[in-house]
Structures are given as C-alpha cells and as structure tokens.
Amino acid sequence: MKRIFLVGYMGAGKTTIGRVLSKMAGLTFIDLDYYIEGRFRKTVSQLFAERGEEGFRTIEHNMLHEVAEFEDVLISTGGGTPCYFDNMAFMCQQGTTIYLQVSVEELTKRLELCKQTRPVLKNRSGEALRAFVQESLAARSGFYEQAAIIFNADSLMTELDTKTLSSEIIQLIN
C-alpha cells in the first residue's frame, strides 16, 4: 500500500507531475480539487463563492481524509490544503509527502500565463502578481517544508521535463 501527497504553491506543477508520476509508479492519480468538484458538482470557485474560504477549507479537509483512505494513490493537493487544520501533519502520517518547490520568479511567470483561470490572481499582473506570490508563498512555506521530500521543480517547462522530474522523484521514493 502506497500513498503519495504532492504539495506546493499553485502553479508548482502538482497536477502536471502527478499525472506522469502516478503512471510511472503504478498508482491511481487523484487531483483533490477535481475530486471535490466531482463530489459537489460545482467548481472550486463556486464553492468558495457560496461557502466562503472557511466553508471550502472544511470541505477540502473532509475530502482529504476521504481520499487518504484509498490505497496505492498519488494525491495532488490544492495549494492551500497543507495550511489548514492539521492537514499537513495528517498527510505526513498517512503517506509520503513531496513538496514541489518553485522559486517566486518561476511561479510568477507560470501564473501570469494562467491567471484568468485562478480567481485570486485575475486582477494582478507584473510586480503586483510577483508581490502577491512572494507574500503568500512566504506564509505557506512553513507548512510545505514539513514534507518528507523537498523537490526543486523550477525546471518544469516541457513534457520531457515532466518525465525527467518524475523519474527523479521515483528514485527518491523507492
């Protein structure tokens, strides 16, 4: 039985690497945000709008505990998941936690490209986006750094990079 939890800031590559890594490791892939959306038949943005952050974080916490019961899974968590309740300690107890660490500069570049799909970033760009990423990453790093493995994912750019990084992670967890 194996459980792997990928944690890190939005845009770190948790879903991208998770899909490839889970295939390489022979594990079922679960993206926690998509799992929540499937269960509630609403997007994460809709749940945030309807229930507020506290309501969403309670749902997220409960769904994390649910998927952590599954065996032979790789779970890609939301960027904020480790930062609420006892989620990070719980994941560390339930399986192997991997922090996909990415620099503020690289995160800013990645998030600039997809900010329209992320409500918290929609009205931020350039230096305002960089400052937001830097501030929120600083607040979350203490949680992320509790992971069993801290893995630098700055070089994630192409499909080949995804396979290379996933292969490197496989070597760390086996």
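Quick definition before we start: helices here are DSSP runs of H or I with at least four residues, numbered from the N terminus. Keep in mind that this is a predicted model.

Q: How far apart are Arg-57 and Glu-60 in helix H3, in terms of helical turns?
A: An α-helix has 3.6 residues a turn, so residues three or four places apart point the same way. Arg-57 and Glu-60 form a salt bridge, with their closest N and O atoms 2.9 Å apart. Since they sit three residues apart in H3, the separation is about one helical turn.

Q: Which residue is linked with Arg-57 and Glu-60 in a network of salt bridges?
A: Arg-57 already pairs with Glu-60 through a salt bridge. The network that links these two also takes in Glu-53.

Q: How many residues apart are Arg-130 and Glu-105?
A: Arg-130 and Glu-105 form a salt bridge, the closest N and O atoms being 2.6 Å apart. Arg-130 belongs to helix H6 and Glu-105 to helix H5, so the pair links distant parts of the chain, 25 residues apart.

Q: Which elements do the buried residues of H2 pack against?
A: In H2, Leu-32, Tyr-35 and Ile-36 are buried. They cover an arc of only 100° around the axis, which puts them on the same side of H2. The buried residues of H2 pack against strand E2, helix H3 and strand E3.

Definitions and conventions
Residues numbered from 1 in each chain as written. Predicted model: local features only at pLDDT ≥ 70, side-chain atom pairs only at ≥ 80, totals over all residues. Heavy atoms only, no water. Buried < 20%, exposed > 50% of the residue type's maximum accessible area, 1.4 Å probe, protein only. Helix = DSSP H or I, 4+ residues; strand = E, 2+ residues; numbered from the N terminus. Arc of directions from axis to C-beta. Contact = heavy atoms within 4.5 Å. Salt bridge = Lys/Arg side-chain N within 4 Å of Asp/Glu carboxyl O.
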